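Here is a set of questions and answers for a reader who is meeting this structure for the first time. Please keep the sequence and the 3D view at hand while reading.

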Amino acid sequence: MSDLPGWTAGSFSADGRVFPTYRRGTGPAVIVIHEIPGITPPVLRFADEVADAGFTVVLPHLFGTLNEDGGVVGGMTLFVRLCVRSEFTKLALQVTSPIAGWLRALARSLHTELGGPGVGAVGMCFTGGFALAMTVDAPVVAPVMAQPSLPFAVGRRRAADLNLSPTDLAAARRAAARGCSVLGLRYRGDRATGTRFETLRRELGDDFVAVEFDGKRHATLTAHRQQEAVDRVLAFLRARLQGLG
């Protein structure tokens with residue numbers, strides 16, 4: 001696979017795991033965590049907009065394609081492969097996905113390097129909940145959850161679960177109460193997000209800010225992009241990381 005034009009390729013190692021990373025921009029750090037099927041052109045478009053808004057954007061490449069759309073068949077093949085990977089908890093209740101530890105370490109490393117009030121994190125779909133998990137034991141002060149979809153919304157309990165252990169959920173509540181508000185985006189009819197927004201409202205109260213759109217589509221920032229969603233994310237990052245807004 002070729003590198004991404006305009007982005008600096010690297011890698012990051014933590015918790016016994018190594019993943020490629022791609023970096024662009026200057027300013028406070030924002031980690032953009034891609035969705036299935038990978039770092040697609042729509043994901044890159046969004047990440048470029050974040051970098052152009054005055055941030056150092058880091059794209060970890062956790063799985064799937066690089067600068068390709070992957071297609072329906074490719075997406076389904078990857079989905080099956082991800083179901084057996086131990087870094088991601090797909091069905092278990094009240095469990096934090098192990099990849100969260102690696103992402104937290106990446107956030108700590110970037111904050112040490114770049115300084116500022118903290119780090120932003122944007123998760124999408126399969127990775128949407130990771131942004132909330134990164135508020136635990138990491139300097140993430142601007143978490144964005146775009147259509148969080150883990151664990152898979154099979155049954156009432158999984159549909160409401162936040163993919164966090166009880167200990168990590170308590171820590172996320174404390175972080176929110178200290179001023180680390182959480183931005184969430186979804187289509188109201190998106191079944192993949194289950195009832196997680198209701199859980200987030202109950203657990204975080206006014207510290208959870210929901211941006212919701214009518215319809216049954218899914219990817220608010222990428223394939224089914226809503227400009228308002230992108231604008232709200234950029235405003236949230238500017239307010240939390242640049243003191244603007």
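Q: How many residues does helix α1 have, and what distance does α1 reach from its first C-alpha to its last?
A: The model is a predicted one. In it, α1 has 12 residues, and a span of 16 Å is expected for α1 at 1.5 Å a residue. The distance from the first C-alpha of α1 to the last is close to that, at 16 Å.

Q: Where on α1 do the buried residues lie, and within what arc do they fall?
A: Val43, Leu44, Phe46, Ala47, Val50 and Ala51 are buried in α1. Seen down the helix axis, the buried residues of α1 line one face, because they fall within an arc of 165°.

Q: Which elements do the buried residues of α1 pack against?
A: Buried here means a relative accessible area under 20%. The buried residues of α1 pack against several strands and one of the helices, namely β2, β3 (29–33), β4 (38–39), β5 (56–60), β7 (119–124) and α8.

Q: At what angle do α1 and α8 pack, and how far apart are their axes?
A: α1 passes α8 in a right-handed crossing. The two helices α1 and α8 pack at an angle of about 35°, and their axes are 11 Å apart.

Q: Which residues make the contact between α1 and α8?
A: From α1, the contact is made by Phe46, Glu49 and Val50. Of these, Phe46 and Val50 are among the buried residues of α1, whereas Glu49 counts as partly exposed at 22% relative accessibility. On the side of α8, the contact is made by Val230, Val233, Leu234 and Leu237.

Q: Which residue with a positive phi follows α1?
A: The phi of this residue is near 105°, and the residue is Gly54.

Q: Which side chain meets that of Glu49 in a salt bridge?
A: The N to O distance in this salt bridge is 2.8 Å, and the partner of Glu49 is Arg225. The partner asked for is Arg225.

Q: How many residues apart are Glu113 and Arg23?
A: The side chains of Glu113 and Arg23 meet in a salt bridge, 2.7 Å from N to O. The pair links distant parts of the chain, with Glu113 in helix α3 (residues 99–114) and Arg23 in strand β2 (residues 17–24), and the two are 90 residues apart.

Q: Which helices hold Arg173 and Glu203?
A: Arg173 forms a salt bridge with Glu203, with the closest N and O atoms 2.5 Å apart. The pair links distant parts of the chain that are 30 residues apart, Arg173 being in helix α6 (residues 166–177) and Glu203 in helix α7 (residues 196–204).

Q: Where are Pro37 and Pro151 found?
A: A cis peptide bond joins Ile36 and Pro37, with omega about 15°. The bond from Leu150 to Pro151 is also cis, with omega near -5°. Pro37 lies in the loop between β3 and β4, and Pro151 is found in the loop between β8 (140–146) and α5 (156–160).

Q: Is Asn163 buried or exposed?
A: Asn163 lies in the loop between α5 and α6. Its phi is near 60°, a positive value in a residue other than glycine. The relative accessibility of Asn163 is 3%, so Asn163 counts as buried.

Q: Is Asp137 buried or exposed?
A: Asp137 lies in the loop between α4 (130–133) and β8. Asp137 has a positive phi of about 60° although it is not a glycine. At 59% relative accessibility, Asp137 counts as exposed.

Definitions and conventions:
Residues are numbered from 1 along each chain as its sequence is written. This is a predicted model: local features need pLDDT of at least 70, side-chain atom pairs count only at pLDDT 80 or more; totals for chains, interfaces and linings use all residues. Side-chain values use heavy atoms; hydrogens and water are left out. A salt bridge is a side-chain nitrogen of Lys or Arg within 4 Å of a carboxyl oxygen of Asp or Glu. Helices (H or I, at least four residues) and strands (E, at least two) are DSSP runs, numbered from the N terminus. Buried means under 20% relative accessible area, exposed over 50%, partly exposed in between (1.4 Å probe, protein chains only). The expected span of a helix is 1.5 Å times one less than its number of residues. The arc is that of the directions from the helix axis to the C-beta atoms. Contact means heavy atoms within 4.5 Å. Axes are lines fitted to C-alpha atoms, for helices over the stretch in contact, and angles run from 0 to 180 degrees between N-to-C directions. A crossing is left-handed if the near helix is turned anticlockwise from the far one by less than a right angle, and right-handed if clockwise.
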